[in-house]
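Work through the exercises below with the structure open beside you. Each task is followed by a solution that goes step by step.

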Amino acid sequence: MGNTPTTHPHGNTHRNPHPFRRTLLRLLLPTLLTAAIVLPLAGAARPTIPAPPPAPLTAPLTPATLPSAYEANRENATEAARMAAAHGDTHRAEADRALAAPSRHLLAFDGRGSGQAAEVMGDLAHARHIAVLVPGSDTTLDTYPRFHRAAASLYTALTHHPAESRTPGNTVAVIAWLGYETPATVSTTVTTTTRADEAAPRLRAFLRDLRTTAPAGAHLTLLCHSYGSVVCGRAAPGLAADDIALIGSPGTGADSATALHTRARVWAARGTADWVAHVPHVRAGLFGTGTTVGFGTDPVSAAFGARVFDAAGAGHSDYFTPGSASLANLARITLGETSEVTRA
């Protein structure tokens with residue numbers, strides 16, 4: 001998308017050697033994105049990977065039915081691994097096989113296409129604090145291990161948090177929710193809310209079901225990364241969450257936190273090394289097509305009105321790095337320790 005500023009957009013403007021270039025980029029973005037949609041990128045589609053349909057669950061998810069749901073989804077992942085291997089896709093077979101391990105707890109699994117899954121870390125039936133991670137672009141079953149590492153990193157931070165160790169029974173759980181078809185980073189879909197609009201009702205339904213499975217009154221936090229923050233923004237009205245954290249966000253499709261129409265506290269953070277800082281925060285219609293590109297107001301700006309917290313020097317993929325300021329703050333938000341969150 002051309003040259004980008006070399007400084008953080010919230011820094012001193014006199015340090016930016018190309019203010020005109022940055023302004024021009026903002027003005028040209030709708031035209032550039034229109035061209036991207038009218039003249040889509042060429043490329044061969046990956047052959048469809050065979051997999052069984054999702055396992056039918058005979059009973060609604062409750063604390064009592066969780067073990068049987070986990071087992072049914074592991075068995076489904078095992079069969080998906082067998083079918084992928086027979087098809088000659090050893091990489092997908094390995095990914096499916098890892099999710100089928102006895103130690104993995106799958107609330108949902110679908111090995112078809114790019115794949116979907118919802119994995120629990122911790123004791124969901126007794127958790128008083130639950131974090132649901134919503135991923136961004138290029139997250140599929142093939143790339144799932146990196147998403148799993150982020151969720152595992154948060155779970156470790158939560159279980160080693162001083163407040164957690166001091167409070168008996170203050171159980172935590174983390175859920176890696178790959179419940180939608182994420183856009184590719186290099187694609188036309190990543191510039192629009194289309195995939196997020198498709199995902200939003202699924203996320204709302206998932207959280208409603210989660211409320212019936214988790215203990216009454218459990219504190220529920222959504223941690224939404226990159227394009228995942230667009231999903232959370234579209235799902236926000238009526239969403240059964242206590243806190244929503246937008247990290248590395250290109251925008252939500254809303255002009256402000258108030259416009260999300262959610263009762264949840266809305267947080268936002270962006271590290272100084274995150275390239276998303278250079279994405280123009282605009283939203284524009286495409287010549288009467290009904291399609292809108294861009295995601296509007298910068299979530300870490302004063303105009304958006306979120307509670308902005310410190311992510312220090314995090315890059316776009318670094319928010320869950322062990323020992324980082326961003327991970328520490330995400331753990332505090334998940335545990336409801338809002339007064340301990342360090343603000344930017």
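Two strands are said to pair if DSSP finds at least two bridges between them, where helices (H or I, at least four residues) and strands (E, at least two) are DSSP runs, numbered from the N terminus. The model is predicted, so local features need pLDDT of at least 70 and side-chain atom pairs count only at pLDDT 80 or more, while totals for chains, interfaces and linings use all residues. Residues are numbered from 1 along each chain as its sequence is written, and side-chain values use heavy atoms, with hydrogens and water left out.

**Exercise 1. Find the order of the strands in the open sheet, and name its edge strands.**

Solution. Eight strands form the open sheet, and their order is β1-β2-β4-β3-β5-β6-β7-β10, with mixed pairing. The edge strands are β1 (105-110) and β10 (307-308), each of which pairs on one side only.

**Exercise 2. In which sense, parallel or antiparallel, does β6 run with strand β7, and in which sense do β2 and β4 pair?**

Solution. Start with β6, which is joined to strand β7 (residues 265-269) by five bridges, and these two strands run parallel; within this pairing, I247 has A269 of β7 as its bridge partner. Turn next to strand β2 (residues 116-122) and strand β4 (residues 172-178), which pair in the antiparallel sense over six bridges, with V120 opposite I175 of β4.

**Exercise 3. Which residues touch the most other members of the largest nonpolar core?**

Solution. A nonpolar core is a set of buried Ala, Val, Leu, Ile, Met, Phe, Trp, Tyr and Cys residues joined through side-chain atoms within 4.5 Å. The largest one has 49 residues, of which L124, I130, L203, L222 and I244 touch the most other members. Helix α6 (residues 194-213) gives the largest share of this core, seven residues. A second, separate core of 38 residues includes A80, F109, Y144 and L223.

**Exercise 4. Why does the span of helix α4 (residues 144-159) agree with what should be found?**

Solution. The expected span of a helix is 1.5 Å times one less than its number of residues. The 16 residues of α4 should therefore span 22 Å, and its end C-alpha atoms are 22 Å apart, which agrees. Among the buried residues of α4 are Y144, F147 and L158.

Methods. Buried means under 20% relative accessible area, exposed over 50%, partly exposed in between (1.4 Å probe, protein chains only).
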